[in-house]
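Subject: Structure handover

Hello,

Here is the structure you were waiting for. Please open it alongside this message; my notes follow below it.

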Amino acid sequence: MASITTEVLVIGSGAGGAVTAVRLAESGHDVLVVEEGPWFDADEHEPFSLPEMVAKYRHRGAQVALGNPAVAFGEGRCVGGSTEVNSGLFHRLPDHLAEEWQRTYDIDDFDPATLARYATRVETELGVSTLPTAPPPSSAALERGATKLGWRNVEFARVFRYDEQGRGTKQTMSRTLLPKAVSAGARILPDCRVLRLRLHPGDGRALGARCERTHPDGGREILDVDADHVVVCAGAVQTPALLQRSGVRRNIGRGLKLHPTVKIAARFPHPVDHGDVPMHRVTEFAPHLTIGGSASRKGQIAMALAEATHDIDDALADWDNVAVYYAAIRSEGSGRVRAIPGLKAPLITYKLTDADMSRLARGLVHLGEVLLAAGATELYPSLVGGPVARRLDDIGQWWDRSTRSNSNLMTVHLTSTVRMGNDRALTGTDSYGQVWDHPHLHVNDASLLPDAPGVNPQAAIMTIASRNTEHLITSL
Amino acid sequence: MSPSVVAADRPPRRIGSTLMLRFEREVVTALGNAPEQSTRGAVEAFVDGSLRALPEPIRLGLLGETVILGTYVGLLRAAGRVEDTVDLRRRLDAWEGSRISYLRQYVHMFRSLVLFAENELGPDATDAEQEPAV
């Protein structure tokens with residue numbers, strides 16, 4: 001059996017893993033990053049296209065948290081993780097949430113000022129900015145509609161850098177922190193799935209991991225990694241699944257949180273753009289409800305139209321004028337990730353509360369209002385049987401139609417399956433991601449967030465990962 | 001950068017990688033709208049690949065539903081109540097509005113995969129890309 005030795009093994013190369021790797025490597029530590037997915041050139045696939053979905057998403061993007069209703073979701077599975085496939089929105093953790101989480105979970109060094117210091121460093125490294133030019137039509141529509149209604153709205157900053165012509169490039173981990181980590185001496189091993197962690201049978205400390213490596217010819221081989229420290233950064237689904245497969249179960253996998261999302265395909269009397277995701281957000285009802293825009297290639301538009309009706313030919317023929325928008329809520333419900341012996345993929349469940357369903361209905365109605373105010377002429381909601389709305393009166397019917405059996409929900413933000421903090425009854429790790437009762441075993445990704453933040457969590461994940469890694473370095 | 005790996009183990013058995021069943025292929029055909037044979041073939045290949053890629057718990061549940069629904073449709077065929085693809089599509093449309101969430105989600109999942117593939121792989125697709133061999 002082949003083996004490899006490293007000081008720190010980082011499992012996963014997304015927002016959490018990349019920050020962990022670069023901080024450790026630049027501090028002079030020996031780092032090996034193993035990533036289950038392949039390593040692609042960042043420009044190899046067109047964003048949100050079918051080839052990208054096949055290549056870079058786990059299960060080709062077809063994952064589901066079972067429940068009534070079920071919630072579809074996707075997550076990245078490639079070097080750079082979900083930062084390679086998301087919209088790049090970068091929103092700092094709101095101060096009030098940091099304070100609330102610090103209080104509830106007794107988290108050390110989690111005050112807004114401390115977090116702001118780490119956030120600033122990450123933002124400087126990545127390049128977080130707003131558009132240098134006027135917003136594209138799909139984004140301007142949100143701004144226009146919200147302004148007309150007197151609702152707060154804002155252009156969210158994104159991890160984008162722009163050239164002199166205003167062309168933006170998303171600053172994914174494969175473009176930014178991972179190359180820096182490699183320059184500082186880190187090794188990255190793609191196509192390498194961790195089967196289980198290796199833990200000391202006596203004191204439970206981490207010794208490394210057993211992996212399965214896939215070669216370009218499809219052959220698979222077992223690889224043992226010996227490590228002084230192991231940092232698991234595989235995301236809010238894969239991290240708890242891996243810990244459970246390895247026998248670590250205390251407060252692991254419970255309390256899954258996500259942002260349930262409803263959608264509308266909106267038809268305008270003018271063309272809208274389809275190559276990017278709108279960067280404006282309606283924040284009038286934040287943090288409990290946020291309105292924004294989604295990927296709107298022809299395939300996504302077809303799916304969104306068909307949520308409401310099977311009679312989509314006319315609207316689909318006019319797809320140049322159609323874009324997809326969403327309303328996402330902070331949910332009171334929660335879910336669970338369970339590893340099942342013999343299966344590679346865990347079972348994921350999520351239970352929405354009645355209040356969640358009510359909030360989603362409200363979100364759909366507000367989304368419809370803002371899109372009509374923006375000039376949309378037809379709205380196709382993600383409700384079985386619609387109805388398609390053409391004026392405000394039509395939208396009122398959505399209240400009654402927004403039932404558990406009629407709602408098609410999705411999400412892209414999953415968190416909170418291995419919460420951090422000093423309260424052992426509520427958490428799976430200490431304040432810095434050290435797994436309870438397992439020395440030298442750490443978690444450093446979305447799993448640690450005590451709750452879903454109500455906004456894209458990438459900034460919060462990277463900020464917390466940066467903070468935790470700095471703490472880890474002091475103990476090495 | 002890569003470590004030398006010398007030992008080869010047999011790949012683990014994949015429970016969720018079963019081929020698309022006959023009834024699933026019929027569902028894909030019934031939900032499809034593409035007139036071109038090449039697009040229909042590409043769509044079927046995409047759906048087949050997507051089913052293989054599903055998480056095992058989801059794929060196993062789907063297989064169970066396929067067996068039950070396929071048997072039911074077989075009985076309807078024997079009774080002369082489903083005679084062709086148009087009849088099956090009508091039946092699928094009705095199931096998608098069902099109060100039984102698993103029935104509704106079954107059709108919804110297939111319809112989403114077919115629609116996405118037809119509109120990303122067809123001749124009028126955004127950029128006429130073909131599915132890569134990944």
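The largest nonpolar core has 174 residues, and among these Ile11(A) and Ala21(A) touch the most other members. Helix H5 of chain B, residues 101–121, supplies the largest share of this core, with ten residues. Please keep in mind that this is a predicted model.

Leaving aside residues up to four places away in sequence, Ile11(A) touches Val34(A), Val194(A), Ala209(A), Val230(A), Val231(A), Val232(A), Cys233(A) and Ala234(A). As general background, nonpolar side chains in soluble globular proteins tend to be buried together.

Chain B next. This chain has five helices and zero strands, so its pattern along the sequence reads α-α-α-α-α. Of its 134 residues, 34% are buried. If one takes the contacts in chain B between residues at least 6 apart in sequence, 69% of them join residues at least 24 apart.

One helix pair in chain B may be worth a look. Helix H1 (residues 22–31) of chain B packs against H5(B) at an angle of about 55°, and the two axes are 10 Å apart. The crossing of H1(B) past H5(B) is right-handed. On the H1(B) side the contact is made by Val27(B), Val28(B) and Leu31(B), and on the H5(B) side by Phe110(B), Arg111(B) and Val114(B). Five of the residues in this contact are nonpolar, none is polar and one is charged.

Back in chain A, how many of the eleven residues of helix H7(A) are buried? Nine are, so the helix, which covers residues 235–245, is mostly covered. The buried ones are Gly235(A), Ala236(A), Val237(A), Gln238(A), Thr239(A), Pro240(A), Ala241(A), Leu242(A) and Leu243(A). Just after H7(A) comes Gly247(A), with a positive phi of about 95°.

Last, a residue from another helix of chain A. Glu26(A) belongs to helix H1 of that chain, which covers residues 15–26. Is Glu26(A) buried, exposed or partly exposed? Glu26(A) has 17 other C-beta atoms within 10 Å; a buried residue would need 20 or more and an exposed one 12 or fewer, so Glu26(A) counts as partly exposed. The C-alpha atom of Glu26(A) is separated by 27 Å from that of Gly421(A), which is 395 residues away along the chain.

Regards

Methods: Residues numbered from 1 in each chain as written. Chains lettered and ligands numbered in written order. Predicted model: local features only at pLDDT ≥ 70, side-chain atom pairs only at ≥ 80, totals over all residues. Core = buried A, V, L, I, M, F, W, Y, C linked by C-beta atoms within 7 Å. Helix = DSSP H or I, 4+ residues; strand = E, 2+ residues; numbered from the N terminus. Contact = placed C-beta atoms within 7 Å. Axes fitted to C-alpha atoms, helices over the stretch in contact; angles between N-to-C directions. Left-handed = near helix turned anticlockwise from the far one by under 90°. Nonpolar A, V, L, I, M, F, W, Y, C, P; charged D, E, K, R; others polar.
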